[in-house]
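Please keep the sequence and the structure in view while reading.

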Amino acid sequence: MGAGGRMSVPPSQRKSESVSLKRVPYSKPPFTLSQVKKAIPPHCFQRSVLRSFSYVVYDLILASLFYYLATNYIHQLPQPLSFMAWTIYWAIQGSVLTGVWVIAHECGHHAFSDYQWLDDTVGLVLHSSLLVPYFSWKYSHRRHHTNTGSLERDEVFVPKQKSALRWWAKYLNNPPGRPYERFACHYDPYGPIYNDRERLQIYISDAGVLAVTYGLYRLALAKGLAWVVCVYGVPLMVVNAFLVMITYLQHTHPSLPHYDSSEWDWLRGALATVDRDFGILNKVFHNITDTHVAHHLISTMPHYHAMEATKVIKPILGEYYRYDGTPVYKAIWREAKECIYVEPDEEQEKGVYWFKNKI
């Protein structure tokens, strides 16, 4: 930087940004899912009960440690140090509990162990503790994986088309999931999301959430509402904020296409995702952030093998693989500005839709 000049963006950084924003191919890939799986070492598909539980124990020890420190020492600090300490606790505990949520998510994919009953038991306990209806989420999330990238059938962060935008879309844009014939709710066993075989387990999910809610009610009576909010409520809000942010960034990117029924197929839909870099939080979140493409291709693979699998499949996926190392705060701002709606390009296939922002 010369005297009085401006520091320019390094060429390598500009090149990296331009590559990550380059549109991925929308034609049918020259490889198959079977070829991708064959390239991955066989041990990456092996699920270890002991290793999976080690992550549960590790996360719960961390959460217990931060809980102990917060409840035994923060109240001894003078203002404003105590408020700063609570803020730090909320951020750290919320991050750790997001990792717990991810492990329960893995149970829902049958990636925790070889035993479905064990996966569902662990997932039900962990998700219920975070007020998540485990089976309800498991089935709706499975439909998301089945229909990723489909404008008609995907479940989460389905972008609107320009014709469906309201006047406030440029300032407050909240893409819904797929439309149903009536109100869809994760707590409703007879809602349109679920079929008859799944309804009993939705009741079980509701019972798990109600049990934890009752426990929190008893805690509030014993310790006070403010205690429950500070120790549990605010970290839970951090968990949900992280989950929305992670999911939004994984499925919202200027380079990613969406497809209508005339063009969509499962493989191209699964590839319409992006790996992100959350820094140190990648490890805290068990790499759900930076191995998301591999996760969508083989969702039953344990998270502790996903990094190795990602490195192996990147050469096979080639331009169909997308990674964006843009800092998270910059990526959120960019995507919020540039990914307002989707529309097909006039010169390309009509069933392929791209993010645009000119209203």
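For the classes used below, Ala, Val, Leu, Ile, Met, Phe, Trp, Tyr, Cys and Pro count as nonpolar, Asp, Glu, Lys and Arg count as charged, and the others, Gly among them, count as polar. By these classes, the lining of the second largest pocket holds 17 nonpolar residues, four polar residues and no charged residues. The model is a predicted one, in which local features need pLDDT of at least 70 and side-chain atom pairs count only at pLDDT 80 or more, while totals for chains, interfaces and linings use all residues. Residues are numbered from 1 along each chain as its sequence is written, and side-chain values use heavy atoms, with hydrogens and water left out.

## Pocket and cavity

Both kinds of space are found on a 1 Å grid over the protein atoms alone: a cavity is a set of points where a 1.4 Å probe fits but cannot get out, a pocket is an open set with protein on both sides within 12 Å along at least five of seven lines, and lining residues have an atom within 4 Å of a point. Grid points are joined across faces, edges and corners, and a volume is the space filled by probe spheres set on the points. Helices (H or I, at least four residues) and strands (E, at least two) are DSSP runs, numbered from the N terminus.

The second largest pocket has a volume of about 440 Å³, and its lining is made up of 21 residues, with Ala63, Tyr67, Gln93, Leu97 and Tyr232 lying nearest its centre. At least two lining residues come from each of helix 3 (49–73), helix 4 (81–108), helix 5 (116–129), helix 7 (199–223) and helix 8 (225–251), and helix 7 gives the largest share, five residues.

A search of the whole structure finds three cavities of 30 Å³ or more, and the largest cavity contains about 140 Å³ of space. Sixteen residues line this cavity, of which Glu106, Thr291, His295, Met301 and His303 are nearest its centre. Helix 4 and helix 11 (292–297) each supply at least two residues of that lining, which divides into seven nonpolar, eight polar and one charged.

## The chain as a whole

The chain has 13 helices and five strands. Its radius of gyration is 22 Å, close to the 21 Å that the globule rule gives for 359 residues, so the chain is as compact as a globular protein of that length; this radius is taken over C-alpha atoms, and the rule is 2.2 Å times the number of residues to the power 0.38. Along the principal axes, the C-alpha atoms fill a box of roughly 70 × 65 × 50 Å.

Buried residues (under 20% relative accessible area, with exposed over 50% and partly exposed in between, for a 1.4 Å probe and protein chains only) make up 47% of the 359 residues. Where contact means heavy atoms within 4.5 Å, residues 24 or more positions apart account for 69% of the contacts with a separation of 6 or more.

## Selected residues

| Residue | Relative accessibility | Class |
|---|---|---|
| Histidine 305 | 9% | buried |
| Aspartate 120 | 12% | buried |
| Glycine 94 | 0% | buried |
| Leucine 131 | 25% | partly exposed |

Histidine 305 sits in the loop between helix 11 and helix 12 (306–317), where, not counting residues up to four places away in sequence, it touches His43, Cys44, Gln46 and Arg51. Aspartate 120 belongs to helix 5 and, with the sequence neighbours up to four places away again set aside, touches Tyr134, Phe135 and Lys138.

Glycine 94 is part of helix 4. Leaving aside neighbours within four places in sequence, glycine 94 is in contact with Tyr89, Pro235, Val238, Val239 and Phe242.

Some backbone features fall in loops. A cis peptide bond, with omega about 0 degrees, joins glutamine 79 and proline 80, and proline 80 lies in the loop between helix 3 and helix 4. Histidine 110, in the loop between helix 4 and helix 5, has phi near 60 degrees, a positive value in a residue other than glycine. Leucine 131, in the loop between helix 5 and helix 6 (134–146), has phi near 60 degrees, again a positive value in a residue other than glycine.
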